[in-house]
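Here's a quick briefing to read with the model open beside you.

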Amino acid sequence: MDIDQHVRELLKALSDGVYEKEQIIAMSLLSAIAGESIFLLGPPGTAKSLVARRLKMAFKEGNAFEYLMSRFSTPDEIFGPVSISLLKNEDRYERVVDGFLPTATVVFLDEIWKAGPSIQNALLTAINERIFQNGRTTLKLPMKALIAASNELPAEGEGLEALWDRFLVRMVSNCIQSESIFYKMIRQKSLNSNPVPEHLLISEELYDKWQQGIEDVEISNEICSIITNIRKRLKNEIKKEEVEEMDYYISDRRWKKCVHLLQSSAFLNGRKQIDLTDIPILIHCLWNKSETIPTIIDIVCSSITSPIDVKVVKYGKDIDQALNCIRKKPASSNLQDIDEDNYVQVNFFYYNVLKYHKGKTLFYKMDYSHVPSKQTCDGIVYFDETKQAHIIHAIYTGQLYDYKIKNTQEVNKVKLSKCHGGIVIDNIPYAFQTKRANVEPTIFNQPGLPSPNMALKILNDIRNELLVKLSDQQKLFDNCINIFLSDDDIKIVKQYLSQCEKSLKEMEVKAQNASLLL
């Protein structure tokens, strides 16, 4: 059986009868196989302890230890009582660990932040190094995962930062949202005490084999670049006012563990290399406070399209700079703003605007002299049924006259500025139609003006590289089969991909129109 099929069937069995907790169970299994710990934030009664009990069932001969912490909890209750006989007869201070945390495969500690300092210090070593110092003996723990839970985050200033940093994966566990699923839950008679078939259990031999496979998963330069982008964005957040450094602080240790988690995801999905579908998992690893979760989602998801977004911004600046050069016409030029002999006049009063996204569009020529070239002015665009075209007017008196907007129901505001050969609408240049096919809507080659090849080069890059790359990303997430991503995770990423596509299409139009004007 293939690895990904094995994991899918295992997760299906583990999730049997547990509603709206499929991703938490999946991330818990991923954490366990990656050797990491997971924290569940949520109110009581949201199946947090059930997740831990189910996770234990994934391991052959696995056993679980769970405990509800209180401020009165002692190390004896977690790590086992001190052996009186050994202390009395052999003067050895050792604990009887059987049945306690040091012998458990999966550990669940509820209300983790109520643990005292002595328990916390022991947990730090247990979580990170998977060892426990039992007197003079160092025990290697069989613990695959420690699941902690609470309805609150660790209080600041109480020395809990080191323990909080040990929990790589952080998930929010809420009550059931869907009413139909809620009805299934309340009508459920009983849970299957052992839903995992024998052939799906993870043995120690299989677990060790998987660890070697995870280590061999490749980390491409593309993934490293994305992680670098995320790190820079996090550092920029820290620099903002009223933001505390620890809100977005990620230690080097956590970054190392994050990448190992992505390797584990890739391996368990049957891949030999991390790909973009693994990146959204970082959403559940990088937040330190619940109020920062939206920002983390934005940083992680936008990092996927960041290489494209950066180029779009650069191209926009290049085109704007070129248009500014056109607006600042050289003194030696005798070219008029509008040469009426060259441009088509519709109904005597309008110029025909080429390739405007709304369709056939006319600009009121009497307004052109009032449109600035170095700044912008307000304008309106509306559809005139009598002319069967969209009409654009500049607003230069502060009033909207009725004759300008008759026979229309919708009026949209735009920003206008002047450029040679046309008009710039909402920062996108559009050329006016010429009377003769051999008269291009462009200024003549003059010293100091940008080359027309610049816009064409940008246009070719957008069409032949960026749109192709974005299309590949969209196909990747349209057909996404990553076991550890929820439908919501994929939906959010698709929204960012759609926004990137919109920006890219707008830049394509801008570059295309600029190529006519330069």
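In the protein, 75% of the contacts with a separation of 6 or more are between residues 24 or more positions apart, where contact means heavy atoms within 4.5 Å. This is a predicted model, so to speak of local features takes pLDDT of at least 70 and side-chain atom pairs count only at pLDDT 80 or more, while totals for chains, interfaces and linings use all residues. Residues are numbered from 1 along each chain as its sequence is written, and side-chain values use heavy atoms, with hydrogens and water left out.

**Overall make-up**

- There are 15 helices and 15 strands in the protein; these are DSSP runs (helices H or I, at least four residues; strands E, at least two), numbered from the N terminus.
- Of the 518 residues, 50% are buried (buried is under 20% relative accessible area, exposed is over 50%, partly exposed is in between, with a 1.4 Å probe and protein chains only).

**Nonpolar cores**

- The largest nonpolar core has 124 residues, and Leu101, Leu123, Leu146 and Phe484 touch the most other members. A nonpolar core here is a set of buried Ala, Val, Leu, Ile, Met, Phe, Trp, Tyr and Cys residues joined through side-chain atoms within 4.5 Å.
- Helix H2 (residues 22–34) gives this core its largest share, 9 residues.
- Another core, of 18 residues, lies apart from it, and its members include Cys377, Leu416, Ile428 and Tyr430.
- Zoom in on leucine 123: setting aside neighbours within four places in sequence, it is in contact with Phe79, Leu101, Leu109, Ile112, Leu146 and Leu163.

**Helix pairs**

- Two packed helices are described by the angle between their axes and the distance between the axes. The axes are lines fitted to C-alpha atoms, for helices over the stretch in contact, and angles run from 0 to 180 degrees between N-to-C directions.
- Helix H9 (residues 204–215) packs on helix H11 (residues 252–268) at about 110 degrees, with the axes 8 Å apart.
- That makes H9 and H11 roughly perpendicular (65 to 115 degrees; under 35 is roughly parallel, over 145 roughly antiparallel, and the rest oblique).
- On the H9 side you'll find Trp210, Gly213, Ile214 and Glu215, which meet His260, Gln263, Ser264, Phe267 and Leu268 in H11.
- Sorted by class, that contact has 4 nonpolar, 4 polar and 1 charged residues (Ala, Val, Leu, Ile, Met, Phe, Trp, Tyr, Cys and Pro are nonpolar, Asp, Glu, Lys and Arg charged, and the others, Gly among them, polar).
- Helix H10 (residues 221–238) and helix H12 (residues 293–304) cross at roughly 150 degrees, and their axes come within 9 Å.
- From H10, the contact uses Ile226, Asn229, Ile230, Arg233, Leu234 and Glu237; from H12, it uses Thr295, Ile296, Asp298, Ile299, Val300, Ser302 and Ser303.
- By class, the H10 and H12 contact has 6 nonpolar, 4 polar and 3 charged residues.

- Lysine 413 sits in strand E13 (residues 411–419) and is exposed, at 72% relative accessible area.
- The C-alpha atoms of lysine 413 and glycine 379 are separated by 5.7 Å, though the two are 34 residues apart along the chain.
- Most residues other than glycine have a negative phi.
- Glutamate 20 has a positive phi, near 55 degrees; it is in the loop between helix H1 (3–14) and H2, and is partly exposed at 28% relative accessibility.
- Glutamate 61 also has a positive phi, near 60 degrees. Its place is the loop between helix H3 (48–56) and strand E2 (64–68), and at 75% relative accessibility it counts as exposed.
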